[in-house]
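The entries below follow the order in which I looked things up.

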Amino acid sequence: MGRRVRDHDGGILGLLRVLDGHGEAIRADLFLIGRSLDDVGTDRFSWLDLRAFLRWSPMTSAFARSFHGDEAVAWADPSTHLLATVADLLAGANWQRAGSKGSKPKPIQRPGDRQKIGGRAPTAMDIDALDEFLGWSPRTN
């Protein structure tokens, strides 16, 4: 659990790095479930519990908003993704019907499309990229 991945600490050190950047939001989410950061590392709430809690936090959580930005909340609803897909397809179809003149329309940018790690604050990223960033091994289903 303590291995390093591309200059990023894994395991507990990786969690500490996330806590350093998003601790207030994590503290708020833990408060809602009757836990505290003071519980981390105890029998009451282990480091593995914290890892699972962060890994599976919903997009509407304070941690997700802090980590991904406030736009993550807007994209938490599946209908938003569906509407963006419909808009992308309609723009592409209109471009084709116009004889493919001009530049091809760009799809609406979704959270997870922009992954900036290293020197800059991370933006939206999918759960697998978060696992890699934190140095956690891939999930198994």
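This is a predicted model: local features need pLDDT of at least 70, side-chain atom pairs count only at pLDDT 80 or more; totals for chains, interfaces and linings use all residues.

**Helix packing**

Residues are numbered from 1 along each chain as its sequence is written, and side-chain values use heavy atoms, with hydrogens and water left out.

I then looked up the geometry: helix α1 (residues 11-32) and helix α2 (residues 47-55) pack at about 65°, and their axes are 11 Å apart. Axes are lines fitted to C-alpha atoms, for helices over the stretch in contact, and angles run from 0 to 180 degrees between N-to-C directions. The angle makes α1 roughly perpendicular to α2 (65 to 115 degrees; under 35 is roughly parallel, over 145 roughly antiparallel, the rest oblique).

I listed the contact residues (heavy atoms within 4.5 Å). From α1 they are Ile-12, Leu-15, Leu-16, Val-18, Leu-19, Ile-26, Asp-29 and Leu-30, and from α2 Trp-47, Leu-50, Arg-51, Phe-53 and Leu-54. I classed these residues as eleven nonpolar, no polar and two charged (Ala, Val, Leu, Ile, Met, Phe, Trp, Tyr, Cys and Pro are nonpolar, Asp, Glu, Lys and Arg charged, the others, Gly among them, polar).

**Aromatic pairs**

I found two aromatic pairs in the structure (rings of Phe, Tyr and Trp, the last by its six-membered ring, with centres within 6.5 Å; planes under 30 degrees apart are stacked, over 60 edge-to-face, the rest tilted). Phe-45 and Phe-53 pair edge-to-face, at 6.5 Å centre to centre and 75° between the planes. I recorded relative accessible areas of 6% for Phe-45, which is buried, and 19% for Phe-53, also buried (buried is under 20%, exposed over 50%, partly exposed in between; 1.4 Å probe, protein chains only).

Phe-63 and Phe-67 form a tilted pair, 5.5 Å centre to centre with 40° between the planes. Both lie in helix α3 (residues 62-68), four residues apart, so about one helical turn separates them. I noted Phe-63 as buried at 4% relative accessibility and Phe-67 as buried at 1%.

**Whole protein**

I counted six helices and zero strands (DSSP runs numbered from the N terminus: H or I of at least four residues for helices, E of at least two for strands). Buried residues make up 34% of the 141 residues.
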